[in-house]
Amino acid sequence: MNAEMIFLTFFGGAAVWFGIVVFRTHSMVRSALALLFSQTAIGAMFLVMQAEFLGVLQIMMMATEMSVMAIFMVMFMMDPGGLGAMDMTHQKRLSLWAGGVGLVAALGLTLGVDWGPAALSVPSASAQIEMLGIELLGRSMFIFESAGLTILTAMVAATMVAIAPQDKGGAK
Amino acid sequence: MNIAIILGSLALGAYIIAIVESWATYGRLRLAGPALAALALLGRESVLARKPDRLFFETAPVLLLVAGLLAVAVIPLAPDLIITDLSSGALFLNAALAYVLVALIMAGWGANGAYGMIGGWRFLGQFIAYAMLIVMPITAVAMRAESLMTTQIVISQVELWNIFYQPIGFVLFVIAAMGLAYLPPLDLPLAPGDLAGGVEAEYTGVRLGVLRLARMIIILSLAGATVTFYLGGWLGPWLPPWAWSAIKILVVTVAMLMAGHYMPRIREARYLALSWKLGISLALANIFLVGVIALVVPI
């Protein structure tokens, strides 16, 4: 077992552990930040697997996304500090089934699919960035742009729904 | 060896800017001031608030320090005086400094005090204002250098420094950097005067010392980033490269510290509106202009 495998196992374990903490805690802020550190650990796994750009990007994006999520949770939940011992889980039977089916599917894919021979060498980090850039601005451009637009539309729509209707004056 | 040199110069730099900051604030030059203040903080009792979120409260100052130190790791002081010359260095700097936000939210939330909590969440609002204006000017810088490596970015400025090549980007980046380092007039998370210290309000003793030191390092790392991206890094005549880096970083830091004393604090709503309506339009224009210039004039 070489150093790479040890670090990969460590960060993988950390990601799973923080994932569990998300549901074990009562505090919304702790839950959001546990999710952040779970995702950061996945970013560290990318770094261990020599996908430098993806790792750095993951670590950067998650810090901001999860912080923004935390403030939304604090704004909209009834017990953000967890002082009333709020439970993070709901619809338990459905969640258990969904989680179980997801686990079986993921394991089946991981073990059942022929992944081909493992890569013996990895392109240098700067070569990876260049290849990613060409991929993003070429073949995958349409997919990424349409996904981006969809997310933007969803954000605008969600904000519109969340704003309380205002009396524009003179209605009553 | 590089790590030792850079950490040593970081400690010296932090000490110098602590002197300058107190000079700018109180108008008296006290060379021993920061050392005495640090001793006083170490000697003072580190009080815990009632019912704190202990995990966040203890982690936040350390996380802030780690974020600052990681950001420093990709800033070159000379061609070979850099801790790690990552291929995605310019992005890594952002990734490290994104955790300043996380640390301040944790510090504000963990202390179980109203002032701290408001300070922490205020910084999130401030983040939404400055974040794009850090990344978008860096995009234009990377476009010219055709690389995200910080050393390549410096080398790309041999002919002409980026401050002259993309002045709009420079101005936007420096203002955003001051927001990131919560320097006045953008010191909303601390806001002495209306938040009684904000995020730092519930911290005392050693923990406050770590928070303050971390902030000094963040200021230095951002001054270093400004020098690397816009002021030609180590480039300059006569003096050795490291000396040029040191001089430029100190000048930028002092300018950032002094600027705040001539401006009133900006309200977060106004800062957000200005950043998004004016700042992002300018940043997009900057990217477009740099793209056109890079295609037309080969310098």
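These are my notebook entries on the two chains of this structure and the contact between them.

**Entry 1: the model**
I noted before anything else that this is a predicted model. I kept that in mind for each value below.

**Entry 2: chain A, elements**
I looked up the secondary structure of chain A. I found six helices and zero strands. From the N terminus on, I read the order as α-α-α-α-α-α. I then took the box along the principal axes. The C-alpha atoms of chain A fill roughly 75 × 40 × 25 Å.

**Entry 3: chain A, burial and contacts**
How many of the 172 residues of chain A count as buried? I got 19%. I also looked at sequence separation in the contacts. Taking contacts in chain A between residues at least 6 apart in sequence, I found that 61% join residues at least 24 apart.

**Entry 4: chain B, elements**
I turned to chain B. This chain has 11 helices and zero strands. Along the sequence I read α-α-α-α-α-α-α-α-α-α-α. I ran the radius of gyration check here too. Chain B has 19 Å, which agrees with the value near 19 Å for a compact globule with 299 residues. Along the principal axes, the C-alpha atoms of chain B fill a box of roughly 65 × 45 × 35 Å.

**Entry 5: chain B, burial and contacts**
I looked up burial in chain B. Of its 299 residues, 52% are buried. For contacts in chain B between residues at least 6 apart in sequence, I noted that 80% join residues at least 24 apart.

**Entry 6: where the chains touch**
How many residues does each chain bring to the contact? I recorded 17 residues from chain A and 19 residues from chain B. Which elements of chain A give two or more residues to the side that touches chain B? I listed α2 (28–48), α3 (52–76) and α5 (125–136) of chain A. Of these, α3(A) gives the most, with 11 residues. I then sorted the residues on the side of chain A that touches chain B by type. I got 13 nonpolar, three polar and one charged.

**Entry 7: recap**
On the side of chain A that touches chain B, α3(A) gives the most residues.

Key. Residues are numbered from 1 along each chain as its sequence is written. Chains are lettered from A and ligands numbered from 1 in the order in which they are written. This is a predicted model: local features need pLDDT of at least 70, side-chain atom pairs count only at pLDDT 80 or more; totals for chains, interfaces and linings use all residues. Helices (H or I, at least four residues) and strands (E, at least two) are DSSP runs, numbered from the N terminus. A residue is buried if 20 or more other C-beta atoms lie within 10 Å of its own, exposed if 12 or fewer, and partly exposed in between; C-beta atoms are placed from the backbone. Two residues are in contact if their C-beta atoms, placed from the backbone, lie within 7 Å. The radius of gyration is taken over C-alpha atoms; the globule rule is 2.2 Å times the number of residues to the power 0.38. Ala, Val, Leu, Ile, Met, Phe, Trp, Tyr, Cys and Pro count as nonpolar, Asp, Glu, Lys and Arg as charged, and the others, Gly among them, as polar.
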